[in-house]
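Reader: Can you walk me through this one? I'd like to go spot by spot.

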Amino acid sequence: ISLGLVGSEMCIRDRDLPSRGQEMIDFCKEIGFPLLPWQELLAMESLKYKPDSRWAHPLVGIMLPRQQGKSTFMALRILFGIYRLGEKMHLATAHKLTTSSEIFFKVGQMIDDSHILQENFSKKYESKGSQEIRFKNGARYLIRAGNSAARGIAGPDVIHIDELREFDTEDVWSSMRFTQMSNKNPQAYFYSNAGPVSYTHLTLP
């Protein structure tokens, strides 16, 4: 599934499939961070699932201009997955660790601002090239530098790759996706704004 702002880069809709999207919309309102209309649409479409309960869209691409709420959606998808879906690991990276760190701090701030989220929060860990939030239910949200994002990781439920336009090879994607081979129902999200025409890896189907 891919989401762009206008034109042909819009969601492919499977109206006959159920979705966990409304649960995410309700969760975000409950913790005080209601979704924007396009975020609600993305939640409804990206969280549709098959009769066997696996995600209908294991790969989700989001390409929008800056300052439209991509990072906020990422943060809320992470929290929704951990607090409501029972997902045990979210792994995120970006071309620059500072970009991933911004999302890390956003997630941390959301937890600080919500008594509902504070109940499951355990501890933050930070070291060179790595940041992590652990939760009382055993879940983990990890930030890793791009060149070592998959090292020592096995079976993440969801991976998030930000600044996709800046990656000129598929090495990071390949290594991160490989870590999900042991997960029976993985999902991957890619976030970017438009790059040059030569950026073929940003071409949406």
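Reader: Is Gly69 buried or exposed?

Author: This is a predicted model. In it, Gly69 has 19% relative accessibility. The cut-off for buried is under 20%, so Gly69 counts as buried.

Reader: Where is Gly69 found?

Author: In the loop between β2 and α3.

Reader: Now the loop between α2 and β2. What about Ala56, buried or exposed?

Author: Buried, with a relative accessible area of 18%. Ala56 lies in that loop between α2 and β2.

Reader: Which residues does Ala56 touch, not counting those up to four places away in sequence?

Author: Leu17, Lys48, Tyr49 and Lys50. As for Pro18, it is 38 residues from Ala56 along the chain, with 9.5 Å between the C-alpha atoms.

Reader: What is the phi of Ser53?

Author: Positive, about 80°, although Ser53 is not a glycine. Most residues other than glycine have a negative phi. Ser53 is found in the loop between α2 (37-46) and β2.

Reader: Next, β2. How many of its residues are buried?

Author: Four of the five, in residues 59-63. So strand β2 is largely enclosed by the rest of the structure.

Reader: Which strand is joined to β2, and do the two run parallel or antiparallel?

Author: β8, residues 187-192. The two run parallel, joined by five bridges. Met63 stands opposite Ser192 in β8.

Reader: And α3, how many residues are buried there?

Author: 12 of the 14. That is why α3 is largely enclosed by the rest of the structure. Among the buried ones are Lys70, Arg77, Gly81 and Tyr83.

Reader: How far does α3 reach from its first C-alpha to its last?

Author: 20 Å, for 14 residues. That is close to the 20 Å expected at 1.5 Å a residue.

Reader: Packing next. How many residues are in the largest nonpolar core?

Author: It has 39 residues. Met24, Ile62, Phe73 and Tyr141 have the most contacts inside it. Helix α3 (residues 70-83) gives the largest share of this core, nine residues.

Reader: What lies apart from it?

Author: Another core, of nine residues. Leu142, Ile159, Ile161 and Met176 are among them.

Reader: Switching to rings. How many aromatic pairs does the structure hold?

Author: Eight. Tyr189 and Tyr191 form one that is stacked. Their centres are 6.3 Å apart, with 15° between the planes.

Reader: Are Tyr189 and Tyr191 buried or exposed?

Author: Both are buried.

Reader: Which residues form the aromatic cluster?

Author: Phe27, Phe80, Tyr83 and Phe135 form one cluster. Phe80 and Tyr83 are also listed with the buried residues of α3.

Reader: What sits over the ring of Tyr125?

Author: The charged end of Arg134, 4.6 Å from the ring centre.

Reader: Back to strands. How do β5 and β6 run, parallel or antiparallel?

Author: Antiparallel, with five bridges joining β5 (residues 130-135) to β6. Ser130 stands opposite Arg144 in β6.

Reader: What do β5 and β6 form, and how many residues lie between them?

Author: A hairpin, with four residues between the strands. Gly138 in the turn has a positive phi of about 90°.

Reader: How many residues of β6 are buried?

Author: Four of its five, in residues 140-144. So β6 is largely enclosed by the rest of the structure.

Reader: Zooming out. How many helices and strands does the chain have?

Author: Six helices and eight strands. From the N terminus on, the elements run β-α-α-β-α-β-α-α-β-β-β-β-α-β.

Reader: What percentage of the chain's residues count as buried?

Author: Of its 205 residues, 50%.

Reader: Last one. Among contacts between residues at least 6 apart in sequence, what share joins residues at least 24 apart?

Author: 70% of those contacts in the chain.

Terms used: Residues are numbered from 1 along each chain as its sequence is written. This is a predicted model: local features need pLDDT of at least 70, side-chain atom pairs count only at pLDDT 80 or more; totals for chains, interfaces and linings use all residues. Side-chain values use heavy atoms; hydrogens and water are left out. Buried means under 20% relative accessible area, exposed over 50%, partly exposed in between (1.4 Å probe, protein chains only). Two strands pair if DSSP finds at least two bridges between them. A nonpolar core is a set of buried Ala, Val, Leu, Ile, Met, Phe, Trp, Tyr and Cys residues joined through side-chain atoms within 4.5 Å. The expected span of a helix is 1.5 Å times one less than its number of residues. Rings of Phe, Tyr and Trp (its six-membered ring) pair if their centres lie within 6.5 Å; planes under 30 degrees apart count as stacked, over 60 as edge-to-face and the rest as tilted. A charge sits over a ring if NZ of Lys or CZ of Arg is within 6 Å of the ring centre and within 35 degrees of the ring normal. Contact means heavy atoms within 4.5 Å.
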